[in-house]
Amino acid sequence: MRLHRLRITAFGPFAEPQEIDFDALSGAGIFLLHGPTGAGKTSVLDAVCYALYGSVPGSRQAPGTSLRSDHAAGDIPTEVTLELTAGGRRLEITRRPEQDRPKKRGTGTTKDKAQSWLREYDGEGAGDGERWRALSRSHQEIGEEIEQLLGMSREQFCQVVLLPQGEFARFLRADEVARGRLLGRLFDTRRFAAVEALLGDRRRTAEAKVRAGDEQVLHTAQRLAQAAGDCADLRAWPLPRHQPGDPGLATAVRAWAAVARCSARERLAVAEYALAAVEGRYAAARRAAEEARELDRLQRRHAETTRRTALLAEAAPERERVRALLDRARRGALVAPALELRGAAAGAHMAAAHAEGVARAELPPVLAEAGTEQLAAEEQRLREDLGALGAARRAEQRSAEIGRERANLERESRAAEEQQQETAEWLGRWEATRSALAGRAEAAQQAATLAEQLAGKLEPARMHLNAARRRDALDADAERASGELLTAREQSTAAREHWLELKETRLRGIAAELAAALVAGEPCTVCGAAEHPAPARPAPGHVDRAAEDAAHARFERAEERRAEVERRLAAVREARAEAATAAGEATTAELLDLTSELSTRHAAAHTAAAGLHAAREQLARAEREHAVRSADRQDAEVRAAGRATRREALDQEQASLETELALVRGNAPSVAARAGVLEDRVRMVGAAATALRRSEATAARLKEADGQLADAAFKAGFDTTEEAADAVLPEYQRTDLQHRADAWQAEEAMLADRRGERDTAAAAALPPADPDTALAYADRAAAMLRGAGSAVDASRVRCAELDRLSHQAERELRALGPLREEYDRVARLAGLTAGTSADNERKMRLEAYVLAARLEQVAAAATVRLLRMSGGRYTLVHSDARSGGRGRSGLGLHVVDAWTGSERDTATLSGGETFFASLALALGLADVVTDEAGGMRLDTLFIDEGFGSLDDQALDEVLDVLDSLRERDRSVGIVSHVADLRTRVQAQLEIVKQRGGSMVRHRAAPGTG
């Protein structure tokens, strides 16, 4: 990879576009990048990395940081363009980060997204512009293309091409963990770490399977113990401690199962013998209890028969009385229907006679003694008179309707007269009303026209007034900012002078500061001597580095404050110029008076014009109302004539109806009243006739019922009807008497049967039985039988369960065998690769083993250059010794001193020795990483700082080594403050720091283009 050209715009400290020609700088093989602190030397390397990978190295890409230059104008975009050759292809990469830019319309800013372009040089094009062929604008595609061509990630590029400031000194002295992290990133040993992780995962998976199998076997063993219960003492056979793959578990579980099965079978045999003995005792006790219960039943039956026979003999008189009552009641039952018929007939006749009396009391005296036929004739005559009133009712209804219609006509006439009078008055005022409404609408129209004219003048006046007010406010802001700027400039100048004074004072006493860091017996970082006979002492008022840094920080803060005030003052002045242009030449007071006058006139005209629409609507409504009222007046005259004609016709019809009704009503006030009188008379006469007929019928039925009752009483054997009535009993009484007689008869028959039983009489002659004692003994025997049966059942279930669990445990143990073998094999491999196995003597992980081989290659490549830089004294060697008693080994790095022949830690090197050892290590690492990446040529390298710790001889040797890189057609860029390098290295790129942003200045070596 060779860099040709770099263009930077608004990036970091560079505000204006800058172009760096690496072809011109690389002609001499070595070129120098120098400039004051903060000028932007490292920013050039950041721009190269950003162009290639879209991000800058390390912490400079932290969140919240911006790549855009604070010195650049807002309309200049931040952009980096790099032209390089990689993999035989000449490419051009242009990148723009996400950034804010001013809006094209209005004020404020808008955010532009990040953009990237990749082009390839095509020599066959006709012109310069046509020789570049666009390849892609995708960030992802460009990143993949560049990483594939270079064969390095961003981290590898930053370590191999941009040898970072102080990074390899830390690598040289780092512990094995930190050194392993860096080497892992550079050589991408993730696949070996992945192998370790994979084997670790497989070991954990196999261990989990074995543990699950062991847990299952232990669970089955616990179930065996639970099933065995107290029949086997399994505590004498303890299980071993659970470890994955422990074969003793199978032996212990099988022993548990065998002991439990044998004990359970012994318990089953004992329980079966006990059950057979208890069954015989239970059968004998059961027979004795049944015999005692039967004897007790017979003895109680004999005693009950004797007692009930005595009670039946005592009830003989009552039995005779009940038989007599039943005989008399049976004969009375024969007369009961006739008695019921006669009672019903008597009741009906009494009710009919009472109704007849009530009905006759309502009749007029003329009809009080009338018979049935006379009442029927009177009812017929009244109904005929009532039917003749139908036509009179209709005439009376029509007369009432005529009255209501005449009343309606009178009301309509009065309302029409009032409406005609009101309409006539309104039409008389019409001309004056129309003139007034038309004048109001015309005045509102003129006010609307004036309001539109004033509105066109008012808005510009308001805009000028606002601009004038903004102009006045900005004048005050500009005056305040000018004062602040003067103060900030004075403070910045004073801070700078104070910082330079402290810096000069510190430089005069720098020897004392260096002497303060000396340690007895350790070499000096300046001269390398281990003895310090007369170290310098700090003079009174000595300034240390902290005081100088604090003064410099105050100076930078003062500079930032001054720049901020300058930017704010420029912004205020620009805004004031815009406001003055918008306000014009008039003063704020004049514009305020003009605006107030226009606002007052516009408000008055707008208020007057607000009634235009209402005035027009009111005039239109009045014209519509005039037309309606004129038409209504003509219609009212026509309707009045019609009402007069209708009134005359109604008067004639009503006179004719009144004459007809006078003949029908008689003395009644109305036809309805006359009809009501006739209806009442028809009802009274009809009710009286009906009551008279019902009374005559019930009397005849009562006479017939008396005859039938007398015949029935004689046939039943009674002398009178009263005697027959007394003999009749209710049904429930007859039923109760019959039930008592039947019960006595049944009891007598049952006792006769019992007195004939021989076994009952024999049982009564024996001593009294005791069934409770016999039953209690039988219950105790039954309980013993149930307990023995339960014991047998439990023993059989326990034997079956132990057999099943034994077979299950055996199956689980057989299935666990292959899992244990798999776990042992994977655990050995995982322990070996992780460095925890006893077979791995040095406790090296697989990834560390691979990195140790790479570190050995790096140490060998670095030693070639370190021998030249150190005059053949030092050699870097890789050490795989363990770091401690129980630590791991593999990534140790030692230096061999040829003068003493001893091998020691790299931390014992002096400052200058550490620098060229780190540089040799970095160059060796670059060679190894290049070979690892497929032999990709790295034609351009950058070394950032560190040369200040070298003396003249060591500097010459280092430059000779760097100059030898040209043998591989390489160019090396040195980033340094060391002034002596400016005379030793001819090709230079100077970074000049200025107030408005840094700029670059080329100085090519003699003889180069």
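This note describes a sheet, a residue within it and a pair of helices in a predicted model.

1. Basis. Residues are numbered from 1 along each chain as its sequence is written, and side-chain values use heavy atoms, without hydrogens and water. As the model is predicted, local features need pLDDT of at least 70 and side-chain atom pairs count only at pLDDT 80 or more, while totals for chains, interfaces and linings use all residues.

2. The sheet. Six strands form an open sheet in the order β2-β1-β4-β5-β8-β9, with antiparallel pairing. Strands are DSSP runs of E, at least two residues, and helices runs of H or I, at least four, numbered from the N terminus; two strands pair if DSSP finds at least two bridges between them. The edge strands, each pairing on one side only, are β2 (18-21) and β9 (132-136).

3. Strands β8 and β9. Strand β8 (residues 115-121) pairs with β9 in the antiparallel sense over four bridges. Arg119 has Ala134 in β9 as its bridge partner.

4. Ala86. This residue lies in strand β4 (residues 79-86). Ala86 counts as buried because its relative accessibility is 3% (buried means under 20% relative accessible area, exposed over 50%, partly exposed in between, with a 1.4 Å probe and protein chains only). Beyond its neighbours within four places in sequence, Ala86 is in contact with Leu149 and Leu150, where contact means heavy atoms within 4.5 Å. The C-alpha atoms of Ala86 and Leu3 are 8.8 Å apart, although the two are 83 residues apart in sequence.

5. Helices. The axes of helix α12 (residues 430-508) and helix α14 (residues 545-583) are 7 Å apart, and the helices pack at an angle of about 160°. Axes are lines fitted to C-alpha atoms, for helices over the stretch in contact, and angles run from 0 to 180 degrees between N-to-C directions.
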